[in-house]
Amino acid sequence: MKVVLFCGGLGMRLREFSENIPKPMVPIGHRPIVWNLMKFYSHYGHKDFVICLGHNAHVIKQYFLKYDECLTNDFVLEAGKPHLTKTDIHDWKITFADTGLKSNIGMRLKAVEKYLDDLGPDDMFMANYADGLSDVPLDDMLEFFKKSGKTACFLCVQPQQSFHYVRLNDDGTVHSIQDTTNTGLTVNGGFFIFKKRIYEYIQDGEELVHEPFERLIAENELVAYRYDGFWKCMDTFKDKQAFDELNASGECPWQVWREKV
């Protein structure tokens, strides 16, 4: 199944990195977050990627054009030449598509419609914001979506930030105050599955989760897959540090492709 990755945004809340590189290219250990995401999808057999480019597109192109397998694979060095014991991306297909510097997600998705032909009998594809990681059982989410018969599905998770949710009375007095993790509130986790007919709901210039999703909701064509396991988004420098700490400890739940020891 094809996977569309939205990699063209400016990433303004991660300016320590994203002024020079796209946010999906911010590294976790030796590899950028988008590589970790692509490894996640490929683990489930989804290896045909369409990358929506924009801000600093050349960084992403150059990374894959000069990809070094030795950084994340065992190899034998013989006569000065490395011989890999396994590879990462030899069977990946990656389409690099220019979708505009200032396009929103809906516009980027519209721009790559021409690359989403031949989707197979299910006429479905996946999409991702490319700035968050999870260990969600993707096969289960896909089966949930297929059984629903709907047009679109997204991952629904608990917010990772710790805020206080406040309810007020009409006169401004506080009715209640709770930590967001105790309210039952959930957020869009940025993992999507669509049928090709999603394009019937998107008009030019629209943001994906605004007008198009409202149309889907009105027609009862949108479902959410709730997951309470690991999910984390790299939105700020603090999030980047948290990912680095997980990587340094060896506790990387999203790396479902790793061999169990």
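Trainee: Let's start with Arg197. Why is Arg197 called partly exposed?

Mentor: Keep in mind that this is a predicted model. Arg197 has 31% relative accessibility. Buried means under 20% and exposed means over 50%, with partly exposed in between, so Arg197 counts as partly exposed.

Trainee: And what makes Arg197 and Glu221 a salt bridge?

Mentor: Their side chains meet at 3.6 Å, N to O. The cut-off is 4 Å between a side-chain nitrogen of Lys or Arg and a carboxyl oxygen of Asp or Glu, so the pair at 3.6 Å passes. Glu221 sits in the loop between helix H6 (211-218) and E14, and Arg197 in the loop between E13 and H6, so the bridge ties together parts 24 residues apart in sequence.

Trainee: Is Glu221 buried or exposed?

Mentor: Buried: its relative accessible area is 18%, and the limit is under 20%.

Trainee: How many salt bridges does that rule find?

Mentor: It gives 12. One of them joins Lys39 and Asp88, also at 3.6 Å, N to O. Lys39 belongs to helix H2 and Asp88 to the loop between strand E6 (81-84) and E7, so that pair links parts 49 residues apart in sequence.

Trainee: How do you know whether Lys39 and Asp88 are buried or exposed?

Mentor: Check each value against the 20% limit. Lys39 has 12% relative accessibility, so Lys39 counts as buried. Asp88 has 7%, so Asp88 counts as buried too.

Trainee: What about the salt bridge of Asp122 and Lys146?

Mentor: The closest N and O atoms of that pair are 3.6 Å apart. Asp122 is in the loop between H4 and E8, and Lys146 is in helix H5, so parts 24 residues apart in sequence are tied together. Asp122 is at 40% relative accessibility and counts as partly exposed; Lys146, at 37%, counts as partly exposed as well. There is also a network of salt bridges linking Lys23, Asp131 and Asp235.

Trainee: Back to H2. What makes H2 mostly covered?

Mentor: The tally does: 10 of its 11 residues are buried. Among them are Trp35, Phe40 and Tyr41. After H2 comes Gly45, with a positive phi near 90 degrees.

Trainee: In H5, how do you know where the buried residues lie on the helix?

Mentor: The buried ones are Leu138, Met141, Leu142 and Phe145. Seen down the axis of H5, they fall within an arc of 100 degrees, so they line one face of the helix. An α-helix has 3.6 residues a turn, so residues three or four places apart point the same way. The cover over the buried residues of H5 includes helix H2 (33-43), strand E8 (124-128), E10, E13 and E14.

Trainee: Why is strand E10 called largely enclosed?

Mentor: In E10 (residues 152-157), 6 of the 6 residues are buried, so the strand is largely enclosed by the rest of the structure.

Trainee: What makes E10 paired with E13 and E14?

Mentor: Pairing needs at least two bridges. E10 has 5 bridges to E13, running antiparallel, and 5 to E14, running parallel, so both pairs qualify. Take Cys153: its bridge partner in E13 is Ile193, and in E14 it stands opposite Val223.

Note on methods: Residues numbered from 1 in each chain as written. Predicted model: local features only at pLDDT ≥ 70, side-chain atom pairs only at ≥ 80, totals over all residues. Heavy atoms only, no water. Buried < 20%, exposed > 50% of the residue type's maximum accessible area, 1.4 Å probe, protein only. Helix = DSSP H or I, 4+ residues; strand = E, 2+ residues; numbered from the N terminus. Arc of directions from axis to C-beta. Contact = heavy atoms within 4.5 Å.
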